[in-house]
Amino acid sequence: MNDTGTLEGLLGRITILRLEVVFRATCQGRLPAFLGSSLRGALGLSLRRVTCVLKDQACDSCMMGHRCPYAYLFETPRPPGSIRLRGQRTIPHPMI
């Protein structure tokens with residue numbers, strides 16, 4: 001609890017979006033052992049290709065890092081001026 005006496009005041013607003021994605025194979029093949037990691041990686045790579053303004057720059061030094069959907073989901077930067085997790089360069093990622 002914080003000084004307002006509410007848990008919401010301590011945690012802020014939490015937004016949860018639950019998505020269900022269905023894939024259908026168009027041909028025969030073998031799936032990798034760690035399919036979830038492979039799909040997450042493919043999503044990240046595709047999202048970065050589509051949204052990245054400065055293709056050759058690392059997210060942590062990019063001027064768009066705090067406004068970029070890819071960086072927010074996969075390399076979540078600590079918000080500027082945040083006192084929480086101040087010893088960390090990134091914070092826990094919102095997409096699992």
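Me: How many helices and how many strands does the secondary structure of the protein come to?
Reply: This is a predicted model, in which local features need pLDDT of at least 70, side-chain atom pairs count only at pLDDT 80 or more, and totals for chains, interfaces and linings use all residues. Residues are numbered from 1 along each chain as its sequence is written, and side-chain values use heavy atoms, with hydrogens and water left out. Helices (H or I, at least four residues) and strands (E, at least two) are DSSP runs, numbered from the N terminus. From that end the elements run α-α-α, and the totals are three helices and zero strands.

Me: What percentage of the residues of the protein count as buried?
Reply: Buried means under 20% relative accessible area, exposed means over 50%, and partly exposed lies in between (1.4 Å probe, protein chains only). The protein has 96 residues, and the buried share of them is 11%.

Me: Is Val 21 buried or exposed?
Reply: Val 21 lies in the loop between helix H1 (7-11) and helix H2 (35-51). It belongs to a nonpolar surface patch together with Leu 17, Leu 19, Phe 23, Leu 31, Leu 35 and Leu 39. Because its relative accessibility is 56%, Val 21 counts as exposed.

Me: How are the rings of Tyr 70 and Phe 74 arranged as a pair?
Reply: Rings of Phe, Tyr and Trp (its six-membered ring) pair if their centres lie within 6.5 Å; planes under 30 degrees apart count as stacked, over 60 as edge-to-face and the rest as tilted. By this rule there is one aromatic pair. The ring centres of Tyr 70 and Phe 74 are 5.3 Å apart and their planes are at 15°, so the pair is stacked.

Me: Why are Tyr 70 and Phe 74 separated by about one helical turn?
Reply: Both Tyr 70 and Phe 74 are buried. They belong to helix H3 (residues 69-74), and the separation is about one turn because they are four residues apart.

Me: How many disulfides does the structure hold?
Reply: A disulfide is a pair of cysteine sulfur atoms within 2.5 Å. The sulfur of Cys 59 has its closest cysteine sulfur in Cys 68, at 5.9 Å, which is too far for a bond. Cys 62 is likewise in no disulfide, since the nearest cysteine sulfur, that of Cys 52, is 6.2 Å away. The number of disulfides is zero.

Me: Is Cys 59 buried or exposed?
Reply: Cys 62, at 18% relative accessibility, counts as buried. For Cys 59 the relative accessibility is 13%, and therefore Cys 59 counts as buried.

Note on methods:
Patch = residues over 30% accessible without salt bridge, like charges linked within 9 Å, V, L, I, M, F, W, Y side chains within 5 Å. Areas by Shrake-Rupley, 256 points an atom, 1.4 Å probe, with all protein chains shown as cover. Salt bridge = Lys/Arg side-chain N within 4 Å of Asp/Glu carboxyl O.
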